[in-house]
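Below are some notes on one helix and the core around it. Please read them alongside the sequence and the coordinates.

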Amino acid sequence: LVPQRDTLFIQYNIACVYFKSGDVKNASRWLFMILNNSTIIYLADLHAKAKILNLIVQSEQNNVDLLPYTIRSTYRFLLKQHRLYRFERTIIKFLRLLPDVPNRDIKPAYAELKKELLGLSHDVYEKKAMDFFGLIEWLEKKSL
């Protein structure tokens, strides 16, 4: 389990690097490897982080067919784990409503999400959970 755990953490960090650099295709590829590794079920925190990042990557890829299912699946997983952070709930709610936002309102919607998440960042636990892949930096790029 220990070598597998280390491998999964390295793969997750690689996915984050690809995501931060704007290469969502490769980020998606690495997340797929993580989420399809049977060992991930023993690493609840990493599993949750990978699922949230996967939601964002799927939305970045405009995977409109897969995204609603992925959102529901992630939400159920987080509820079952009894660890749904407010920022996770906020992101899920945002991504669920995103397809209905008119194109002219996309940037303001991302700016509003950033503002809402910055408000949550005053909570130490929420801030720590949000820092894992550069969520605020991603929102800054999206809202420009």
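1. A residue is called buried here when its relative accessible area is under 20%. The model is a predicted one. E88 has a relative accessibility of 3%, and therefore counts as buried.

2. Where does E88 sit? E88 belongs to helix α5, which covers residues 86-97. Its contacts, with neighbours within four places in sequence left aside, are A48, I52, L78 and R83.

3. The geometry of α5 can be checked by its span. From first C-alpha to last, the 12 residues of α5 reach 17 Å, close to the 16 Å expected at 1.5 Å a residue.

4. Which residues of α5 are buried? They are F87, E88, T90, I91, I92, F94 and L95. An α-helix has 3.6 residues a turn, so residues three or four places apart point the same way. The packing partners of the buried residues of α5 are α3 (44-60), α4 (67-80), α6 (106-120), α7 (124-130) and α8 (135-143).

5. The largest nonpolar core holds 44 residues, and the members that touch the most others are L117, F133 and L135. Two or more residues each are given to this core by α1 (2-20), α2 (24-35), α3, α4, α5, α6, α7 and α8. The largest share, eight residues, is that of α3.

Technical notes: Residues numbered from 1 in each chain as written. Predicted model: local features only at pLDDT ≥ 70, side-chain atom pairs only at ≥ 80, totals over all residues. Heavy atoms only, no water. Helix = DSSP H or I, 4+ residues; strand = E, 2+ residues; numbered from the N terminus. Buried < 20%, exposed > 50% of the residue type's maximum accessible area, 1.4 Å probe, protein only. Contact = heavy atoms within 4.5 Å. Expected span 1.5 Å × (residues − 1). Core = buried A, V, L, I, M, F, W, Y, C linked by side-chain atoms within 4.5 Å.
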